[in-house]
Amino acid sequence: MTVPATTRPASPVSTRSGIVAHRGASADYPELTLVAYQKALEEGAEALEVDIRLTADGVPVLLHDPRTTRVGDRDLWVHASTLDELSGLDVGSWHPLHRRPEPVLTLRSFLVLAEAYPQVRLFLETKHPVPTGGRVEAALRDELRYFGLDKPATFGESRALMMSFSVLAVRRFRQMVPAVPVVQLRERRNVLKSWPAEGCGAQFMGPSIGALRARPWLVEYWRSRGLGTYCWTADDPADLRLCRDLGVDWVGTNVPARALEALEDRPAPVAQDAPYPGTRG
């Protein structure tokens with residue numbers, strides 16, 4: 001099944017790829033925290049990306065990993081911990097540049113922040129596999145409904161975009177919230193398998209930058225089938241310009257300010273010394 005071109009949300013950026021702050025301005029600030037998103041907005045990010053998991057008491061929170069080992073000051077399983085338990089974590093001091101305490105951010109708190117920036121798109125990734133299964137998509141649906149983001153007039157006007165590596169999750173959410181566009185994320189090993197995304201009505205394919213380096217023709221192929229592209233995660237100026245030149249609609253980056261400079265061919269600032277630890281999803 002091929003999705004008609006009319007179902008593809010139009011990108012508001014006509015001359016280059018739109019900048020999606022991947023977990024916020026996460027090279028310079030701790031990922032998925034309020035300060036990382038505030039700084040990304042100050043730096044001119046046109047969209048924000050989040051990772052969503054459910055607590056033991058059913059609250060959607062912004063944490064990438066199933067455990068808090070990498071970013072927290074204590075080791076907890078997210079799905080087995082209550083919001084109160086997770087709220088006591090420091091998820092900021094681990095960051096090599098920031099080194100200050102930051103609390104776990106709930107999806108609702110993030111959406112409250114986003115209310116002040118109505119022009120900014122929201123790329124909302126549900127993490128799988130998880131013990132909570134499809135409850136995470138139901139929780140995302142409920143939060144979008146609470147903020148009035150579940151029924152945009154058209155796909156192109158939707159501020160929210162749901163995405164996941166799980167084909168089942170994408171299909172599930174598409175059935176729950178048919179008015180909100182969805183992104184089927186892909187890794188290099190399965191990047192050619194676009195048929196499940198088309199079959200469940202996805203509007204975007206989400207390849208990694210490595211996949212596009214290896215197969216740049218994929219962007220045009222998906223475009224011919226009525227699908228847009230969201231590429232993750234590009235920080236190198238050459239990769240960012242590749243996305244722009246290929247016509248990628250949206251590109252996720254940990255360095256939104258420097259990405260804007262690269263895409264607009266402005267001189268790049270001095271690079272940060274500390275590398276960003278990890279970019280998947």
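A residue counts as exposed when its relative accessible area is over 50% and as buried when that area is under 20%, with partly exposed in between. The legends below apply these words to a predicted model.

**Figure 1. Overview of the chain in the predicted model.** The chain contains 10 helices and 9 strands. Of its 281 residues, 57% count as buried. The accessible surface amounts to about 11,600 Å², and carbon and sulfur atoms account for 53% of this area. Among contacts between residues at least 6 apart in sequence, 60% join residues at least 24 apart.

**Figure 2. Close-up of the aromatic pair Tyr 146 and Phe 147.** A pair of aromatic rings is described by the distance of the centres and the angle of the planes. The structure holds 6 aromatic pairs. In the pair formed by Tyr 146 and Phe 147, the ring centres are 5.2 Å apart and the planes meet at 75°, so the arrangement is edge-to-face. Tyr 146 has a relative accessibility of 54% and therefore counts as exposed, whereas Phe 147, with a relative accessible area of 14%, is buried.

**Figure 3. Close-up of strand E8 and its two partner strands.** Strand E8 comprises residues 228-231. In a regular strand the side chains alternate between the two faces of the sheet. In E8, Gly 228 and Tyr 230 point one way, Thr 229 and Cys 231 point the other way, and all are buried. E8 pairs with strand E7 (residues 204-206) in the parallel sense over 2 bridges, and Gly 228 is the bridge partner of Phe 204. E8 likewise pairs with strand E9 (residues 250-253) in the parallel sense over 2 bridges; here Val 251 is the bridge partner of Cys 231. From E8 the chain passes through helix H9 (residues 237-246) to E9, and this β-α-β crossover is right-handed.

**Figure 4. Close-up of the aromatic cluster of Phe 123, Tyr 230 and Trp 250.** These three residues form one aromatic cluster. Tyr 230 belongs to strand E8 and is buried. Trp 250 lies in strand E9, which covers residues 250-253.

Figure 5. With a relative accessible area of 35%, Leu 34 is partly exposed. Leaving aside neighbours within four places in sequence, Leu 34 is in contact with Leu 105 and Leu 113. The C-alpha atoms of Leu 34 and Gly 24 are separated by 8.4 Å, and these residues stand 10 residues apart along the chain.

Technical notes:
Residues are numbered from 1 along each chain as its sequence is written. This is a predicted model: local features need pLDDT of at least 70, side-chain atom pairs count only at pLDDT 80 or more; totals for chains, interfaces and linings use all residues. Side-chain values use heavy atoms; hydrogens and water are left out. Rings of Phe, Tyr and Trp (its six-membered ring) pair if their centres lie within 6.5 Å; planes under 30 degrees apart count as stacked, over 60 as edge-to-face and the rest as tilted. Buried means under 20% relative accessible area, exposed over 50%, partly exposed in between (1.4 Å probe, protein chains only). Contact means heavy atoms within 4.5 Å. Helices (H or I, at least four residues) and strands (E, at least two) are DSSP runs, numbered from the N terminus. Accessible areas come from the Shrake-Rupley method with a 1.4 Å probe; for residues, only the protein chains shown count as cover. Two strands pair if DSSP finds at least two bridges between them. A crossover is right-handed if, with the strands pointing away from the viewer, the path from the first strand over the helix to the second runs clockwise.
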